[in-house]
Amino acid sequence: MKIEQNHIQETNKKDLQSHHDHFDFLVNSLSKKGKDVKNIINKLKDFQVAIPSWALGAGGTRFGRFSFYGEPSNLEQKIKDIGILHALTQTAGAVSLHIPWDVPEDYNAIKDLANGLNIKFDAVNSNTFQDQKGAKESYKYGSLSNTSEAVRQQAIQHNLDVIKIGDKLGSKSLTVWLADGSCFPGQNNFQTALQNTENSLKDIYKGLPNDWSMLIEYKPYEPNFYSTVIQDWGTSFMLANACGDKAYSLVDLGHHLPNSNIEQIVSILMSKGKLGGFHFNDSKYGDDDLTVGSIKPYALFLIFNELVYGMQNNPQNPDLAWMIDASHNVKDPLEDLIQSLEAIQEAYAKALLIDQNELKSAQLANDVVKCQEILQDAFRTDVRPLLEKARLESGGALSPIKAYRSLDVRNGLIKERGKHTVATGL
Ligand code: LRH
Ligand code: MN
């Protein structure tokens with residue numbers, strides 16, 4: 001199923017006038033405030049988010065999994081589904097593969113397919129949190145931190161293999177997330193586990209091509225429920241520094257204990273030039289992997305405020321890897337990802353409305369009320385006409401969800417693939 005340009009223009013027709021009315025009204029009020037609307041729209045058009053290859057089917061929990069039918073059953077179909085997302089939103093121009101769930105059979109065919117859909121290969125993810133059939137060693141008690149050298153070597157080799165796979169596809173970064181930890185007090189020697197992990201990461205780091213980076217993802221708990229070796233940003237930051245200049249921290253929004261100040265963590269990592277990228281999602285309690293901006297949209301906005309400040313003031317920090325990491329239990333995976341992409345673009349556009357110099361002078365003057373007024377004026381601005389304009393100028397849909405439904409995409413996929421295909425992934 002491929003979505004053609006003319007199909008999208010057809011669905012846009014009936015909403016065009018209302019878009020122009022809202023857009024003209026907004027541009028008028030923003031220009032009066034001295035906002036550079038053209039600059040914001042160009043930044044939105046250039047902003048591409050990588051879609052997780054493991055989140056194109058229905059997710060599930062230990063309590064059950066409910067399929068959506070027409071799920072992609074191989075990497076080709078996954079790339080095609082991302083092609084549908086990108087055609088509608090014009091902001092899903094990349095994929096993040098998870099190995100071994102998505103090992104290409106024909107590298108050239110996959111590259112040609114992705115290229116034809118303007119999809120790049122972002123970070124590749126290793127997987128040392130599951131045992132593969134026929135594997136010699138088990139990761140039951142950890143991988144890079146394991147007390148067994150043989151297990152650590154197997155995990156290191158897997159990461160080196162993942163780098164090779166990514167290199168053949170044009171990816172430039174490796175994401176390492178470890179489930180390593182313990183479920184009970186006394187089970188692990190914390191220092192040994194951390195030292196083993198550091199040494200193992202350094203061995204992987206040695207295998208990185210010069211123009212590659214390594215993104216170290218932290219998480220406080222799950223699947224281990226007493227301790228996790230790389231539990232927080234500080235541990236990830238410490239390990240990235242221990243590895244070298246090409247190692248950075250990856251912030252998964254769902255990997256924080258309740259009420260953590262994630263925007264402050266982002267500002268610290270950027271100020272130290274060690275923020276490598278994001279796994280965007282939202283959560284109410286744990287690592288819920290819900291739709292971005294569906295629970296805490298203001299927190300997401302505050303994170304983008306720090307990102308915009310950092311992108312203007314921290315040349316020491318590299319370009320960031322923007323990725324989604326979600327799991328869909330009750331929503332159509334493609335609709336869920338469309339809503340996440342919209343929420344990310346919305347938070348970015350609102351943050352771009354903030355005059356960082358005006359905010360800085362209010363902060364220096366300790367004018368606390370004015371600081372909040374500056375933030376909330378931007379947050380309370382309906383920027384959706386700007387997102388629509390960016391999509392329209394790039395050939396996308398004014399309303400991707402409306403277009404997805406009026407083009408009856410899910411039923412089209414079910415007709416093509418049937419009701420029993422299951423996507424690899426979480
Ligand atoms: C761990 C995580 C990690 C992925 C996995 C699919 O919770 O966020 O990024 O490897 O989800
Ligand atoms: Mn993640």
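**Salt bridges in close-up**

**View 1. A network of salt bridges links Lys45, Lys389 and Glu393.** A salt bridge is taken here as a side-chain nitrogen of Lys or Arg within 4 Å of a carboxyl oxygen of Asp or Glu, and by this rule the count comes to 22 salt bridges. The model is predicted, so local features need pLDDT of at least 70 and side-chain atom pairs count only at pLDDT 80 or more, whereas totals for chains, interfaces and linings use all residues. Residues are numbered from 1 along each chain as its sequence is written, and side-chain values use heavy atoms, with hydrogens and water left out.

View 2. Lys13 is exposed, with a relative accessible area of 54% (buried means under 20%, exposed over 50%, and partly exposed in between, with a 1.4 Å probe and protein chains only).

**View 3. Arg405 and Glu335 meet in a salt bridge (2.5 Å, N to O).** Arg405 lies in helix α15 (residues 400–406) and Glu335 in helix α11 (residues 333–352), so the pair ties together parts that are 70 residues apart in sequence. Arg405 is exposed, at a relative accessible area of 55%, whereas Glu335 is buried, at 12%.

**View 4. Arg384 pairs with Asp382 in a salt bridge.** The N to O distance is 3.0 Å; Arg384 is partly exposed, with a relative accessible area of 45%, and Asp382 is partly exposed, at 37%.

Conventions
Chains lettered and ligands numbered in written order. Helix = DSSP H or I, 4+ residues; strand = E, 2+ residues; numbered from the N terminus.
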